[in-house]
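Dear colleague,

I am handing over the structure below, and I would be glad if you kept it open beside this message while you read what was found in it.

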Amino acid sequence: MKPIKVGLLGIGTVGGGTFTVLKRNSSEIARRAGREIRITVVADRNLEQARKIVGNDARIVDDAFAVARDPDIDIVIELIGGHTVAKDLVLAAIENGKHVVTANKALLAVHGNEIFAAARDKGVMVAFEAAVAGGIPIIKALREGLSANRIQWVAGIINGTTNFILSEMRDKGLPFADVLRQAQALGYAEADPTFDIEGIDAAHKATIMSAIAFGIPIQFGKAYVEGINRLDAVDIAYAEQLGYRIKLLGIARKRDEGIELRVHPTLIPSSRLIANVEGAMNAVVVQSDAVGATLYYGKGAGAEPTASAVIADLVDITRLHTADPEHRVPHLAFQPDQVQDIPVLPIGEVITSYYLRMKVADRPGVLADITRILADSEISIDAMIQKAPEEGENQTDIILLTHQTVEKNANAAITKIEALATVRGKVTRLRLERL
Ligand code: HSE
């Protein structure tokens, strides 16, 4: 059978890995796909760099739109990133009847509903395994492997940069800014790390997973996003003393009232497997009614791990491209007419537990005042530590862990605690999930 022909847009780290792995494992991949998958044209602005990777194995051009329109191409891989030019390219490829593979989580989180609608109209596939957790086949697992289940929640470490930073802060007791500089020097963090450290990248990925898990539209604008940039190393140390690790989690949970969709630093019991995912690794836990909890672990970034996901999508498309579109796996797991407009809940309605750290005057009755406010707010205390004051000091830290409550209730109690004359400054508040 003739090879299926692929146009690759962007041959940076992931594009280079895709080209290399596809070439190295070509015959093994063809045995799976049923025919050879061949990248016949590569579009990149840096022709010289592209030539170094591609050699004479494919044509190299600098006009990505020409590839999106090329009648000789069956599948377009978009690895350009961002959601301006990449969107136009993906829509142009779809308009020209090409199937698309993309690793672009920002594009799908922001414009996914429009892109998948356009793909349905044209009867083409848009595959995106590489967009979430790199080489971990979490999209396949959520969309296909767990399709018997009612999925209850998904919680993941889905940003390697921030997990690396948190691991280093814990291991070495260093402040965030020092570890960020080190991560940049090592190439783990981008020169502009905003998307990673502010939680935006994780929110893109959590948003995509929420749509597939629950059969809801993609709603990035409704995700609550809080990064690790204001996290204090002292809270990592206190969490450790209480038996918890702090991870940046992307959480999507279905409740009767709606969907919780949130990214924030989260205390997790140290005994959980996911709490022990260190360095730049990713992991996702999915809780479902039939199978219970399942855990997916692996490399969430890098040339070949991400290429592994891109090529798996190429194989899927190669197997299915002659099938009637109605008999293919729906892009977002649920049949398009079965997608439900379940509301995404505002952060004030989220139910979770809390870690509260406050600096207080060391004198009788202080703790009683604080616990009275929590009791009046029906917030139950789960654990507590009070540091002995330093020599000559008349103030100390109190750290409280609470049981679950509605966030707006916790906020109201924190405001009252901060108003006490014996409480100095702001209360540090982190969310806690027992998973
Ligand atoms: N910037 C991402 C991370 C990798 O740090 O995990 C690509 O999704």
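The second largest pocket of this predicted model holds about 380 Å³ of space. Of the 18 residues that line the second largest pocket, the closest to its centre are S308, A309, I311, A312 and V315, and the elements that give two or more residues to this lining are α2 (26-33), α7 (138-145) and α13 (303-320). Which of these elements gives the most to the lining of the second largest pocket? It is α13, with eight residues. When the lining of the second largest pocket is sorted by class, there are seven nonpolar, three polar and eight charged residues.

The largest pocket, for its part, holds about 1100 Å³ of space. It is lined by 40 residues, and the closest to its centre are V14, K105, E190, D201 and A301. Sorted by class, the lining of the largest pocket has 16 nonpolar, 17 polar and seven charged residues.

With best wishes

Terms used: Residues numbered from 1 in each chain as written. Predicted model: local features only at pLDDT ≥ 70, side-chain atom pairs only at ≥ 80, totals over all residues. Heavy atoms only, no water. 1 Å grid on protein atoms, 1.4 Å probe; cavity = no way out; pocket = protein on both sides within 12 Å on 5 of 7 lines; lining within 4 Å. Points joined across faces, edges and corners; volume = space filled by probe spheres on them. Nonpolar A, V, L, I, M, F, W, Y, C, P; charged D, E, K, R; others polar. Helix = DSSP H or I, 4+ residues; strand = E, 2+ residues; numbered from the N terminus.
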